[in-house]
2 protein chains.
Amino acid sequence: MTKPVSDKKFLRALSGEVFDHPPIWLMRQAGRYLPEYRETRAKAGSFLNLCYTPELAVEVTLQPIRRYGFDASILFSDILVVPDALGQKVWFEEGVGPRLDPITNVAGLKVLDKSRVLDHLKPVFETVRGLRQELPKETALIGFAGAPWTVATYMVGGRGSPDQGAAKAWAYGDPDGFQSLIDLLTEVTGDYLEAQVKAGAEVLQIFDTWAGSLPAVQFRRFCLEPIKALRARLKKSCPEVPVIAFPKGAGAAYETYFKETGVSAISLDTSVDPVWAAKVLQPIGPVQGNLDPLLLVAGGSEMDRAVDHLLKTLGQGPWIFNLGHGIVPQAPPENVERLIKRVRG
Amino acid sequence: MTKPVSDKKFLRALSGEVFDHPPIWLMRQAGRYLPEYRETRAKAGSFLNLCYTPELAVEVTLQPIRRYGFDASILFSDILVVPDALGQKVWFEEGVGPRLDPITNVAGLKVLDKSRVLDHLKPVFETVRGLRQELPKETALIGFAGAPWTVATYMVGGRGSPDQGAAKAWAYGDPDGFQSLIDLLTEVTGDYLEAQVKAGAEVLQIFDTWAGSLPAVQFRRFCLEPIKALRARLKKSCPEVPVIAFPKGAGAAYETYFKETGVSAISLDTSVDPVWAAKVLQPIGPVQGNLDPLLLVAGGSEMDRAVDHLLKTLGQGPWIFNLGHGIVPQAPPENVERLIKRVRG
């Protein structure tokens, strides 16, 4: 396959092109900071119902595109549809977050059935197909999944936790047993991402929110290796599709991770120094990021200065403007407007 | 001043000596995982009362020394005694953690009075003096304080938070106003640490738990610069006293931070790869860390392997064995025993 020729700015940046004004999208850009999102969300009943109703999922995905004309659109869904599809009980409590019936050892894996995943996730693929029809022709469509380690922290803990203690208890107490959960997730995540590409996703992003919590040895085994395997598989099955990884909190290990996994681009969390990233990471490939979502809440001159700093540093190499983490509900929509104007010049 | 000559292994490691078996202590080694601590804690009434009653504070500080013979002892106290001494209302809710009457803008600073700090903290200095009398002669005594940025996150937020959102709202919305809080904290933290040295502390550690949450520009201004200023001041007033900094989550910025602040040693969080630290940080100076506290909970062969990995990597340079974060209440005391045996060989 040859490198895709595209008039989509986002895809061109991913293939290494450098722009005076980079393409921009925001993680969680379809979200609670938008009144139109809150309205559709209210209609959907449960959060999972919003993810599984293509008409509503397409609608919320398009809302920020209509309002702001971002260069990329990301499928509206959640990383926990994978455990849900595997047969684990998953629900979302208002104001609390995701809850799952925890699986804490090898015996618990019995409830999971990988043969039902793609069938269960058909509504997601229908959303992807719908989006390819509805999106403006200049807007790229990103599919995504959670990384095996991060998804496992929720499956084992039954909820988010500050220290990923439950998953670590299993991973440290019975590493080979825990590896079987990671292997299962790596396999079905590959199936899931390939099916998103078949439905029309042009880029894939893998979210590894808790990549920063493991020590080096287990980071390699449970974080880096699964992404390396996924990347190798996707390179064979859909070589034209770029893969972005987001190993949040990986610190200095961003370098090794980027090199060894062979992903097309890497998304930087807020704490990554753009001067360091320009020196160490951009020679490996394009980067994405990394304005603090709370600078977007504050807005004003401090946000402007931060944007200018990113333009001066990461802007010298292949780069996609984004936040260092998802946009938060209290971000004023007018600050997003101001941000986009500043980035686009 | 010449380099201190000491027969305390901990101090020798801090002056650059490399051992086959490094000195060891654990952050929060006087804590809830010990039944004797829980007993003394119950007698104390409030948590702050435990910190401010020298007889009880000395007792809990000595408990882990008696049980395990650690190479260093750390004054039992809390980073929030500084805002308490400044006149902010601080209390600890059982099972919730610290609570403070939040100060969210420059006007709020009026309640703070730096002239009362050293007087208010007299019981802490008495604890230090008591410890110097009671500790075995081979055990070094560490005094400590929170870093200005980290203490500020609690003072502004009124409690711990996952994103330090309140402190960031102030820092981003009114950076110069927020700077006046940081400056005040830098000054009184210097006073406080110097007074600890006068009372008998032989080493100082500065805890910067939230160093990993700020973007590079604000990290430099609100995290790194205050520590640099503190280090410069302490180098003049007590040049013989080593200062260890713990900028948790600083990632690749550990390198710049270590070089620029000029601290004597740096404490590594769990996510720092010891191979990277041996290559990049140990040439700058001694390091401390960084076993995952949850590996200490798991114990067994996975903990042993992790300890051996640290011995093989960080053990080749100047190093103090420690955890990557504080020991947790569920750590079995017998695992601490096993850990110490493994480290001491």
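A residue is called buried here if 20 or more other C-beta atoms lie within 10 Å of its own, exposed if 12 or fewer do, and partly exposed in between, with C-beta atoms placed from the backbone. Helices (H or I, at least four residues) and strands (E, at least two) are DSSP runs, numbered from the N terminus. The model is a predicted one, in which local features need pLDDT of at least 70 and side-chain atom pairs count only at pLDDT 80 or more, whereas totals for chains, interfaces and linings use all residues. Residues are numbered from 1 along each chain as its sequence is written, while chains are lettered from A and ligands numbered from 1 in the order in which they are written.

Strands are taken to pair if DSSP finds at least two bridges between them. On this basis, β8(A) pairs in the parallel sense with strand β7 of chain A (residues 265–267) over two bridges, with V287(A) as the bridge partner of I266(A). From β7(A) the chain passes through helix α13 (residues 274–281) of chain A to reach β8(A), in a right-handed β-α-β crossover; right-handed means that, with the strands pointing away from the viewer, the path from the first strand over the helix to the second runs clockwise. Strand β9 of chain A (residues 319–323) also runs parallel to β8(A), joined by five bridges, and here N290(A) has N322(A) as its bridge partner.

Stepping back to the sheet, seven strands of chain A form an open, parallel-paired arrangement in the order β1-β4-β5-β6-β7-β8-β9. Its edge strands are β1 (72–74) and β9 of chain A, each pairing on one side only.

In chain B, V241(B) sits in the loop between α11 (216–237) and β6 (243–247). V241(B) is buried, with 21 other C-beta atoms within 10 Å. Contact requires C-beta atoms, placed from the backbone, within 7 Å; leaving aside neighbours within four places in sequence, the contacts of V241(B) are V197(B), E202(B), V203(B), L204(B) and L234(B).

Terms used
Two residues are in contact if their C-beta atoms, placed from the backbone, lie within 7 Å.
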